[in-house]
Amino acid sequence: MELTVIVLITALLFAWALVSARLQQADLTAPIVFTAVGAALAWSGLVSGPSPLASITPVVEVTLVWVLFSDAARLPLQQLRRDVSRYVRLLGVGLPLTIVFGWALAAWFFPQFGFWLALLVGAALAPTDAALGIPVVTNPAVPSRIRQLITVESGLNDGIATPVVMLAIAGAAAAAGLESAEGPGSAAMELLIGAGVGAAAGAAGGWLLQLARRRGTATEDFAGIGVLALSLLSYSAALAVGGNGFVAAFCAGLAFGTCAGERGAGRTGLR
């Protein structure tokens with residue numbers, strides 16, 4: 001059954017690639033289409049929500065690592081100084097307020113969730129993805145500065161909300177008395193370790209790639225594969241020393257994009 005589901009999903013992804021332009025003209029975006037596909041698979045009984053496919057978990061984790069790394073690496077941080085106050089308000093004020101209000105609403109609507117599960121709902125739902133608003137961020141009628149603000153906020157909010165999500169999961173697991181569950185304090189230490197390892201790996205990788213390019217020792221054809229390997233290296237290295245791998249991937253992307261320059265950051269090529 002698991003193999004059948006994988007075959008169906010990959011076939012549908014390929015089919016979407018063949019007709020995506022036509023469907024998007026009819027305002028059918030990829031998130032809408034694949035949400036409907038997931039609902040149809042669940043309704044047919046091919047997949048069951050309470051029992052996720054174990055074989056797909058590594059694929060999902062690797063994909064998340066690459067998305068976090070790519071989003072962070074492709075941000076033109078050096079070009080964003082003139083709007084830094086707006087980004088601070090969006091990410092330092094707007095995003096935390098969204099998490100808090102989502103937390104409060106979840107606690108109000110679902111009092112049985114308790115403190116930590118309500119926080120998990122608020123933190124998980126707070127980040128937005130520019131992919132869901134493609135008609136806005138690609139519409140030339142919208143000022144380019146506004147479109148850039150939305151794009152940058154979308155690229156950073158996942159990584160900023162991830163630590164809150166991890167803390168909420170750890171708190172919920174500890175509150176439920178699950179075996180080997182770590183408390184929020186241990187989760188916070190994992191986040192700090194992951195951030196440090198990721199930043200170090202990304203900065204070193206970006207500097208080495210730029211150095212190799214200047215000396216002509218790296219081929220352009222293989223550079224993209226090397227960048228993908230660097231993102232997985234930051235993830236696995238953080239796990240090896242007891243850190244959070246997803247936070248490490250995000251921080252590695254930020255450091256890599258800063259140290260590797262525009263050409264290096266463009267080599268991520270994931271989105």
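Predicted model: local features only at pLDDT ≥ 70, side-chain atom pairs only at ≥ 80, totals over all residues.
**Exercise 1. State how many helices and strands the protein has, and what share of its residues is buried.**

Solution. Step one: the protein has 10 helices and zero strands. Read from the N terminus on, its elements run α-α-α-α-α-α-α-α-α-α. Step two: of the 271 residues in the protein, 31% are buried. Step three concerns contacts between residues at least 6 apart in sequence: 75% of them join residues at least 24 apart.

**Exercise 2. Describe how helix α3 and helix α9 are arranged, and list the residues that meet.**

Solution. Two packed helices are described by the angle between their axes and the distance between the axes. Step one: the axes of α3 (residues 57-73) and α9 (residues 220-240) come within 10 Å and cross at roughly 110°. Step two: angles of 65 to 115 degrees count as roughly perpendicular, so α3 is roughly perpendicular to α9. Step three: on the α3 side the contact has Glu61, Val62, Val65, Trp66 and Phe69, and on the α9 side Val227, Leu228, Leu230, Ser231, Leu232 and Tyr235. Step four: sorted by type, the residues of this contact are nine nonpolar, one polar and one charged.

**Exercise 3. Classify two ring pairs: phenylalanine 115 with tryptophan 116, and tyrosine 235 with phenylalanine 246.**

Solution. Step one: the structure holds seven aromatic pairs. Step two: ring planes over 60 degrees apart count as edge-to-face, those under 30 as stacked, and the rest as tilted. Step three: the rings of phenylalanine 115 and tryptophan 116 have centres 4.9 Å apart and planes at 80°, so this pair is edge-to-face. Phenylalanine 115 is partly exposed, with a relative accessible area of 48%, and tryptophan 116 is also partly exposed, at 25%. Ring pairs link Trp103, Phe115 and Trp116 into a cluster.

Step four: the rings of tyrosine 235 and phenylalanine 246 have centres 5.4 Å apart and planes at 45°, so this pair is tilted. Tyrosine 235 lies in α9 and phenylalanine 246 in α10 (residues 245-266), so the pair ties together parts 11 residues apart in sequence. Step five: tyrosine 235 is buried at 15% relative accessibility, and phenylalanine 246 is buried with a relative accessible area of 15%.

**Exercise 4. Locate threonine 162 and leucine 13, and decide whether each is buried, partly exposed or exposed.**

Solution. Step one: threonine 162 lies in helix α7 (residues 144-175). Its relative accessible area is 14%, so threonine 162 is buried. Step two: leaving aside neighbours within four places in sequence, threonine 162 is in contact with Phe246 and Val247. Step three: leucine 13 lies in helix α1 (residues 2-25). At 44% relative accessibility, leucine 13 counts as partly exposed. Step four: leucine 13 and alanine 30 are 17 residues apart in sequence, and their C-alpha atoms are 9.4 Å apart in space.

Note on methods: Residues numbered from 1 in each chain as written. Heavy atoms only, no water. Axes fitted to C-alpha atoms, helices over the stretch in contact; angles between N-to-C directions. Helix = DSSP H or I, 4+ residues; strand = E, 2+ residues; numbered from the N terminus. Parallel < 35°, antiparallel > 145°, perpendicular 65-115°, else oblique. Contact = heavy atoms within 4.5 Å. Nonpolar A, V, L, I, M, F, W, Y, C, P; charged D, E, K, R; others polar. Buried < 20%, exposed > 50% of the residue type's maximum accessible area, 1.4 Å probe, protein only. Phe/Tyr/Trp six-rings, centres within 6.5 Å; stacked < 30°, edge-to-face > 60°.
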